[in-house]
Amino acid sequence: MNSKKKIILDCDPGHDDAIAILLAGKSPYIDLLGISVVAGNQTLDKTVRNALNVCQYLGLDVPVYRGCGQPMIRDKQVTAGDIHGESGLDGPVFAPLTKKMEEKHGVQFIIDTLLASEGDITVVTTGPMTNLAMAMRLCPDIIPKIKEVVLMGGSYQLGNVTPAAEFNIITDADAAHVVFTSGRKIVMVGLDVTRNALCYPEIVARMGKIENAAGRLFVDLMTFFNKTQKEVFGWEGGPLHDPVTIAYLIDTSVLTLKEMYTEIDIRSVQSYGRTNCDFFHYSGQEPNSFVAVDIDTEKFWNIVEDGIRGYGKVQ
């Protein structure tokens, strides 16, 4: 087995972000160096608290850093309370929180960790890309140190906030523009594949048979998540967007990627936040991203099950 992949997880928990933390936390294939948190699914105070609660609940000794609470340029912070609830992580009941966040700012954590690295760290973003983009602008020396950026965001087809745009990108499209024009390898895990990772009731039941803390957390999270997804989109099972990034790093064969030139729309009104992916190479532009175009859903759910089982027997 290859040595563990070192990652920084930048997220905005969020039900699917919580499952991404769960998958990365005890994977034998991943070394989770730290979690930087951004506003997105809820306000920053709430997303930080959610990250701390998930780590405490799962017994993960992973540092959590508070990052940016608003977009780089836009004056409006978009949240997703209709999907993730008032807390951003409605459903589970957590014990009183004792785990503390780190004093260092999340952007500074990203900078310091990358500068001290051997160029072997993957940055995974499952929320708006504000923290990573701010780090790149504040300290461009980190850019060559990034092995690759694996993000959940965007779509080469249909959005989920507007017809054009996906939530994580439209929330801070300027940040996405900074990252996509950075010159680093980018793997874009968009709605095109994550909408196929639908957590149907039979999946919830399957994971619920694993009697440990991770299994209980999965059931509590997905029971609420599926309810709001049905109310908003009419689906029987909510798409588990964010954990697909971690599943890909555990086993790259779970996704089929296509190299494309991707441009972030930061100028228009109707299509602001769209990831314009040149699927057919019309533009002749040099590709700057590997865009996920297919997912092996059976393999994905096996990876999720293995991740939950990694937390051992009943706790």
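Student: Which residues are buried in H2?

Tutor: This is a predicted model, in which local features need pLDDT of at least 70, side-chain atom pairs count only at pLDDT 80 or more, and totals for chains, interfaces and linings use all residues. Residues are numbered from 1 along each chain as its sequence is written, and side-chain values use heavy atoms, with hydrogens and water left out. In H2, the buried residues (under 20% relative accessible area, with exposed over 50% and partly exposed in between, for a 1.4 Å probe and protein chains only) are Leu44, Thr47, Val48, Asn50, Ala51, Leu52, Asn53, Val54, Cys55 and Leu58. Helices (H or I, at least four residues) and strands (E, at least two) are DSSP runs, numbered from the N terminus.

Student: What do the buried residues of H2 pack against?

Tutor: They pack against H1, E2, strand E3 (64-66) and helix H10 (213-233), where contact means heavy atoms within 4.5 Å.

Student: How many Å should helix H2 span?

Tutor: The expected span of a helix is 1.5 Å times one less than its number of residues. Helix H2 (residues 44-58) has 15 residues and should therefore span 21 Å, which agrees with its end C-alpha atoms being 21 Å apart. After H2 comes glycine 59, with a positive phi near 70°.

Student: Which residue has a positive phi although it is not a glycine?

Tutor: Most residues other than glycine have a negative phi, and most peptide bonds are trans. Here histidine 281 has a positive phi of about 60°, and this residue lies in the loop between strand E11 (275-277) and strand E12 (289-295). Histidine 281 counts as partly exposed because its relative accessibility is 39%. As for peptide bonds, the one from proline 13 to glycine 14 is cis, with omega near -15°, and glycine 14 is found in the loop between strand E1 (5-11) and H1.

Student: Which residues touch the most other members of the largest nonpolar core?

Tutor: In soluble globular proteins, nonpolar side chains tend to be buried together. A nonpolar core is a set of buried Ala, Val, Leu, Ile, Met, Phe, Trp, Tyr and Cys residues joined through side-chain atoms within 4.5 Å. The largest one has 61 residues, of which Ile35, Phe218, Met222, Ile246, Leu255, Phe300 and Trp301 touch the most other members. A second, separate core of 39 residues includes Phe109, Ile121, Val149 and Cys277.

Student: Is histidine 241 buried or exposed?

Tutor: Histidine 241 counts as buried because its relative accessibility is 10%. Leaving aside neighbours within four places in sequence, histidine 241 is in contact with Asp16, Met152, Leu191 and Thr194.
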